[in-house]
Amino acid sequence: MPFTTQWPTNRLLSTAARLVEHAWNERLATLGVTHAGVMALDVLQTAGSMTQAQLAHRVRVQAQTMGKTLHRLELHGHVTRSKNVRDRRSHLVSITPEGQHILEAATKLEDDLVGDGLLTDESLRRTLADIITTLGGARWKLRVQPDGTVTDAGSADAVPVEVVEEPAEGEREAVAQGDTTT
């Protein structure tokens, strides 16, 4: 498509993002999981059990969207929900061994998708992380400190928020996404 050389950067970025997500979702379908499900599993694997509301906040989706995602994950045995002993109005969501297995398989699929090197360019990754932090900051009520630390401005005890950074050897990083569908 030679005409793409004339497109503005925002159109190139959004088109590329959609194409990458479609390609990844096609591969994830073979595992019976969606992009939203993988993001939820990744957060649970990294941060441990939490409520649906906390998980939705971390993944940057609405609680209703997360509810649909968790329903599908629970049906397939990838997560469990149990009564929260601290707050009986909520449930704690936990990743299961089957969920861990699916997350590992999804990570391999993702690595295979970006394995050609085009999507692993560090300069591109840093630029994308900067865009997410800058544009996502206002949307998700994040505050970027002078030292680059990102905190949740909406909470009284503003704690550091996970952002995309240079991953350690062999680590899998989670990219905070905007509202996604299941």
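Let's start with burial. Of the 182 residues in the protein chain, 32% are buried. Keep in mind that this is a predicted model. The chain exposes about 11,600 Å², and carbon and sulfur atoms supply 54% of that area.

Now the contacts. Take those with a separation of 6 or more: 51% of them join residues 24 or more positions apart.

Next, the elements. The chain has 6 helices and 5 strands. Reading from the N terminus, the order is α-α-β-α-α-β-β-α-α-β-β.

On to the sheet. It is open, it has 3 strands, and the order is β1-β3-β2. The pairing is antiparallel. Which strands stand at the edges? They are β1, residues 50–51, and β2, residues 79–83. Each has a single partner strand, so one side of each is left without a neighbour in the sheet. Look at the pairing of β2 with β3, residues 91–95: 5 bridges join them, and they run antiparallel.

The buried set is His 35, Ala 36, Gly 37, Val 38, Met 39, Ala 40, Leu 41, Asp 42, Val 43 and Leu 44. Just after α2 comes Gly 48, with a positive phi of about 90°.

Last, helix α5. It covers residues 97–113, which is 17 residues. From first C-alpha to last it reaches 24 Å, close to the 24 Å expected at 1.5 Å a residue.

Which residues of α5 are buried? Gly 99, Ile 102, Leu 103, Ala 106, Thr 107, Leu 109 and Leu 113. They cover an arc of only 160° around the axis, which puts them on the same side of α5. On the other side, Pro 97, Glu 104 and Lys 108 are exposed. And where do the buried residues of α5 pack? Against α1, residues 9–29, against α2, and against β3.

Methods:
Residues are numbered from 1 along each chain as its sequence is written. This is a predicted model: local features need pLDDT of at least 70, side-chain atom pairs count only at pLDDT 80 or more; totals for chains, interfaces and linings use all residues. Side-chain values use heavy atoms; hydrogens and water are left out. Two strands pair if DSSP finds at least two bridges between them. Helices (H or I, at least four residues) and strands (E, at least two) are DSSP runs, numbered from the N terminus. Buried means under 20% relative accessible area, exposed over 50%, partly exposed in between (1.4 Å probe, protein chains only). Contact means heavy atoms within 4.5 Å. Accessible areas come from the Shrake-Rupley method with a 1.4 Å probe; for residues, only the protein chains shown count as cover. The expected span of a helix is 1.5 Å times one less than its number of residues. The arc is that of the directions from the helix axis to the C-beta atoms.
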